[in-house]
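Here is a short briefing to read alongside the sequence and the structure.

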Amino acid sequence: MDVRSGLLAGDKRSVARAVTWVENGDPRGVQLIRDIYHDTGRSYIVGLTGSPGAGKSTLVARLAAFLATQGHKVGVIAVDPSSPFSGGAILGDRVRMFDVSLMQNVYIRSMGTRGAMGGLNRTTRMAARLLDAAGFDWILIETVGAGQSEVDVHDVAYTTAVVMAPGMGDDIQAMKAGIMEIGDVFIINKADREGADRTANQVESILQLSMHTGWNPPVVKVSAEQNMGIDAVVAALERHRAYLTESGRLAALKVHMARLDVLEILKARLADEMKEQLDQPEVQAELEKVANKETDPYSLADAIVERSWRHR
Ligand SMILES: Nc1nc2c(ncn2[C@@H]2O[C@H](COP(=O)(O)OP(=O)(O)OP(=O)(O)O)[C@@H](O)[C@H]2O)c(=O)[nH]1
Ligand SMILES: [Mg+2]
């Protein structure tokens with residue numbers, strides 16, 4: 001079975017190959033994305049972000065199992081920018097996600113910075129397209145918190161869930177405003193521990209102070225470890241999805257992501273084209289002038305851009 005047919009049939013090994021191609025900037029990945037693009041657009045993409053140790057991986061595993069039990073196909077992308085490796089989960093996550101990854105309707109993939117041509121944002125978006133084509137109707141993306149990651153969750157997911165744990169409430173006031181603003185759903189995990197109510201109340205009161213138009217982010221308490229409250233998280237995600245769909249914001253988000261995809265492609269194309277110009281023999285002498293400070297690099301860049309436009 002070739003990778004394309006395997007992917008479209010939902011074969012996990014084909015999905016794995018395809019994601020690796022995209023991750024490595026392999027031309028076969030580009031061709032595949034072109035081929036399957038029409039078959040995408042059905043899956044719903046949720047980003048889960050939050051501080052290290054908040055319980056994101058545990059929660060993602062529970063969510064995946066819950067959704068799969070309801071008959072969904074669930075793809076999980078764990079983005080770990082600190083890891084140079086990819087294609088396998090980091091050890092801690094692997095242990096936690098091991099059982100769920102054995103479920104037939106669940107596919108788990110971790111992505112590191114290795115390769116990541118065009119950045120992790122783009123690679124993550126493209127990996128989501130592949131999972132989409134493979135029939136995964138829910139895609140869960142785990143990333144570390146705002147400002148700590150190269151991945152801007154808003155550029156890859158429709159609904160952003162911020163995962164917190166008790167005790168973090170004390171830091172909320174001091175937290176970067178960013179994380180409060182990006183959340184569509186706030187999840188207070190480790191509700192089996194003391195302080196979850198207090199944290200939830202703090203988050204709620206901060207949310208009441210901030211301006212919201214059309215959507216008031218809910219605060220949901222769960223215990224991923226004890227598998228409690230997972231249904232409430234799914235319900236909150238479903239409500240936000242309905243809100244995005246009905247308000248037309250989902251369509252706008254998809255255009256935003258399409259724009260980012262095209263921008264990345266254009267940047268790569270232009271970079272290739274300009275490198276070609278730089279390699280022209282006559283430019284060598286001009287580069288020497290820059291080196292000798294007879295001219296500056298901006299002026300030479302201007303000249304090269306102008307020349308390449310004239311040649312069109
Ligand atoms: N008490 C309690 N512990 C939990 C719960 N969920 C996760 N944990 C524990 O919290 C620790 C961190 O969990 P992870 O799921 O790895 O957290 P994470 O947010 O994915 O962490 P990073 O990926 O390293 O940022 C682990 O020891 C979990 O067993 C919970 O609901 N209750
Ligand atoms: Mg994790």
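Leu-130 sits in helix α6, which covers residues 119-133. The model in view is a predicted one. With a relative accessibility of 0%, Leu-130 counts as buried.

- Leaving aside residues up to four places away in sequence, Leu-130 touches Leu-7, Ala-18, Val-19, Val-22, Leu-32, Ile-33 and Ile-36.
- One of these partners, Val-19, is 111 residues from Leu-130 along the chain, yet their C-alpha atoms are separated by 7.1 Å.

**Overall make-up**

- The protein chain contains 13 helices and seven strands.
- Of its 312 residues, 46% are buried.
- Taking the contacts between residues at least 6 apart in sequence, 77% join residues at least 24 apart.

**Salt bridges**

Side chains of opposite charge can pair when their charged atoms come close. How many salt bridges are there here? The count comes to seven, and several are described below.

- Asp-197 and Lys-221 meet through their side chains in a salt bridge, with an N to O distance of 2.3 Å.
- Asp-197 is part of helix α9 (residues 196-209) and Lys-221 of strand β7 (residues 219-221), so this pair ties together parts that are 24 residues apart in sequence.
- On the accessibility side, Asp-197 is partly exposed at 48% relative accessible area, and Lys-221 is partly exposed at 40%.
- Glu-264 and Lys-267 form another salt bridge, where the closest N and O atoms are 3.8 Å apart.
- Because Glu-264 and Lys-267 are three residues apart in helix α11, about one helical turn separates them.
- Glu-264 is partly exposed, with a relative accessible area of 22%, and Lys-267 also counts as partly exposed, at 46% relative accessibility.
- Glu-286 forms a salt bridge with Arg-307, and their closest N and O atoms are 3.2 Å apart.
- That pair links distant parts of the chain, with Glu-286 in helix α12 (residues 281-291) and Arg-307 in helix α13 (residues 297-310), 21 residues apart.
- Is Arg-307 buried or exposed? Its relative accessible area is 16%, so Arg-307 is buried.
- Arg-125, Arg-129 and Asp-261 are linked in a network of salt bridges.

**Where α10 meets α11**

- The axes of helix α10 (residues 230-247) and helix α11 (residues 249-278) come within 4 Å and cross at roughly 85°.
- That angle makes α10 roughly perpendicular to α11.
- On the α10 side of the contact are Tyr-243, Leu-244, Thr-245 and Ser-247, which meet Arg-249, Leu-250 and Leu-253 in α11.
- Sorted by class, this contact has four nonpolar, two polar and one charged residues.
- Elsewhere in helix α10 lies Ala-232, which counts as partly exposed at 32% relative accessibility.
- Ala-232 and Val-222 are ten residues apart along the chain, and 8.2 Å separates their C-alpha atoms.

**Backbone points in the loops**

Two residues deserve a look if you are checking backbone torsions.

- Lys-190 has a positive phi of about 60°, although this residue is not a glycine.
- Lys-190 is placed in the loop between β6 (185-188) and α9.
- Asn-227, likewise not a glycine, has a positive phi of about 60°.
- Where is Asn-227 found? The residue lies in the loop between β7 and α10.
- At 43% relative accessibility, Asn-227 counts as partly exposed.

How values were computed
Residues are numbered from 1 along each chain as its sequence is written. Chains are lettered from A and ligands numbered from 1 in the order in which they are written. This is a predicted model: local features need pLDDT of at least 70, side-chain atom pairs count only at pLDDT 80 or more; totals for chains, interfaces and linings use all residues. Side-chain values use heavy atoms; hydrogens and water are left out. Axes are lines fitted to C-alpha atoms, for helices over the stretch in contact, and angles run from 0 to 180 degrees between N-to-C directions. Angles under 35 degrees count as roughly parallel, over 145 as roughly antiparallel, 65 to 115 as roughly perpendicular and the rest as oblique. Contact means heavy atoms within 4.5 Å. Ala, Val, Leu, Ile, Met, Phe, Trp, Tyr, Cys and Pro count as nonpolar, Asp, Glu, Lys and Arg as charged, and the others, Gly among them, as polar. A salt bridge is a side-chain nitrogen of Lys or Arg within 4 Å of a carboxyl oxygen of Asp or Glu. Buried means under 20% relative accessible area, exposed over 50%, partly exposed in between (1.4 Å probe, protein chains only).
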